[in-house]
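User: I am new to this structure and would like to go through it in questions and answers. Could you show it to me before we start?

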Amino acid sequence: MDMTNLTGSIVALVTPFKEDKSVDWEALDRLVEFHLANETDAILVLGTTGESSTMTDREDFEVAKFVIDHVAGRIPVIGGSGSNSTAESMNKSLGLVERGIDGLLLITPYYNKSNEEGIYRHFTTVMDQVSVPCILYNIPGRTGCAISERNLARLREHPNAWAIKEASGSISYATMCAQYLGSDFKMFSGNDDIIVPLMSLGGSGVISVWANIAPKTVHDLCADYLAGNVVQARKTQIENLELIHSLFCEVNPIPVKAALGKMGLISPIYRQPLWPMEPANEARVEAALKGAGLLG
C-alpha cells in the first residue's frame, strides 16, 4: 500500500502476551479491529511499545504478517526493524518487506552509538537495500545517540527516507528538523504531549502510545489540526495531558498495557525486564482513564 501521503495518527501498537508469555493472537486480533473501527490512520508494529526487544525474529515476522493479513490493505502497516547491529537491521528489514510491510521504522544504533559517519551509514546501508518508505527514529533518551543536523540534511535526500519520528522532546531540535521538511520528507511527533506543537512546525501527525487506548481522539486531534481547526486540536491536546502523562509515569509500555488491561482489551502481561506497575502508579492510570471517560 502506498503510504507516501500518510498523515495523522499512527499507533505504536502493543504486543499482547498470554500468561505463558507467548503472543496472544486473539487479543492482537481485537486490537487491530479496535483501531480499524476508530479511524487510526496507520499501525506500527514491533516498536518500543511493541516490546520487540524481547521477541525473537520469528515472533516479529509472525506478528507483522498477522497484522498485515488482518488489515488487508485498509491502512498502512509499518514495521520497526531497528537494531544496534546494522546487519541485523538490514536482515529484519528485508524480512518484513518480504512479508508485505508498507514502511519501516529505523532507529539510531543504541549502545554502540557510533560516530557521525557510522550513524549515517547505519541508515543508508538499510535504505539502499529496501523498496519501501523509511522513518528515521530519533530518541536519544533511549539510545544514547541522536541524528545530528548534518546527518538529517544528508539522510533526507535518500530516496527511501520518507520521514523522521522526532522523540527527543526538544522543541529546539524539532524546529531544526522543520527546515528539512517538504512534500517528500515528513515529521511525526514521537511524544504524545507535544503533538500540536510539532504539527505547528510542519509535522504531519504522531506515532502514538496514547492512540492504543484512545485511537479516535488522537485521530481527530490530528485531523482537526490538518483541517485548520487549530483551536479544537489544541483543546484536545491540553484536556488530555493528565491521561498522556499517566501513560509515561513508568517506562513505556508498562502503563499503556495496564490501561488496556483495565479496558478489557488485553491481559497486562510483560516480558522481563518489564514488570507490573507500582500500585500508586496503577491507581493514577485508572483515575486518568476514568477522567477521560475511557473507564466506568
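Analyst: The buried residues of α12 are Ile254, Pro255, Val256, Lys257, Ala258, Ala259 and Leu260, where buried means under 20% relative accessible area, exposed over 50% and partly exposed in between, with a 1.4 Å probe and protein chains only. Helices (H or I, at least four residues) and strands (E, at least two) are DSSP runs, numbered from the N terminus. This is a predicted model, in which local features need pLDDT of at least 70 and side-chain atom pairs count only at pLDDT 80 or more, while totals for chains, interfaces and linings use all residues. Residues are numbered from 1 along each chain as its sequence is written, and side-chain values use heavy atoms, with hydrogens and water left out.

User: Which helices do the buried residues of α12 pack against?

Analyst: Seven of the nine residues of α12, which spans residues 254-262, are buried, so this helix is largely enclosed by the rest of the structure. Taking contact as heavy atoms within 4.5 Å, the buried residues of α12 pack against α1 (25-37), α11 (241-246) and α13 (279-291).

User: Which residues that line the largest pocket are the closest to its centre?

Analyst: A pocket is found on a 1 Å grid over the protein atoms alone, as an open set of points where a 1.4 Å probe fits, with protein on both sides within 12 Å along at least five of seven lines, and lining residues have an atom within 4 Å of a point. The largest pocket has a volume of about 610 Å³, a volume being the space filled by probe spheres set on the points. Of its 27 lining residues, the closest to the centre are Gly47, Thr48, Ser52, Ser53 and Tyr110.

User: Which element gives the most to the lining of the largest pocket?

Analyst: At least two lining residues come from each of α2 (57-71), α3 (86-98), β4 (103-107) and α5 (140-143). With three residues, the element that gives the most to this lining is β4.

User: Which residues that line the second largest pocket are the closest to its centre?

Analyst: The second largest pocket has a volume of about 320 Å³. Of the 22 residues that line this second pocket, the closest to its centre are Ile139, Gly190, Val209, Phe248 and Asn252.

User: Which residues does Ser81 touch, not counting residues up to four places away in sequence?

Analyst: Ser81 is found in the loop between β3 (77-80) and α3, and Ser81 is buried, with a relative accessible area of 0%. Not counting residues up to four places away in sequence, Ser81 touches Ser89, Lys92, Ser93, Leu96, Leu104, Leu105 and Leu106.

User: In β2, what is the bridge partner of Ile10?

Analyst: Two strands pair if DSSP finds at least two bridges between them, and β1 (residues 8-12) pairs with β2 in the parallel sense over three bridges. From β2 (residues 42-45), Ala42 and Leu44 point one way and Ile43 and Val45 the other way, and all are buried. Within β2, the bridge partner of Ile10 is Ala42.
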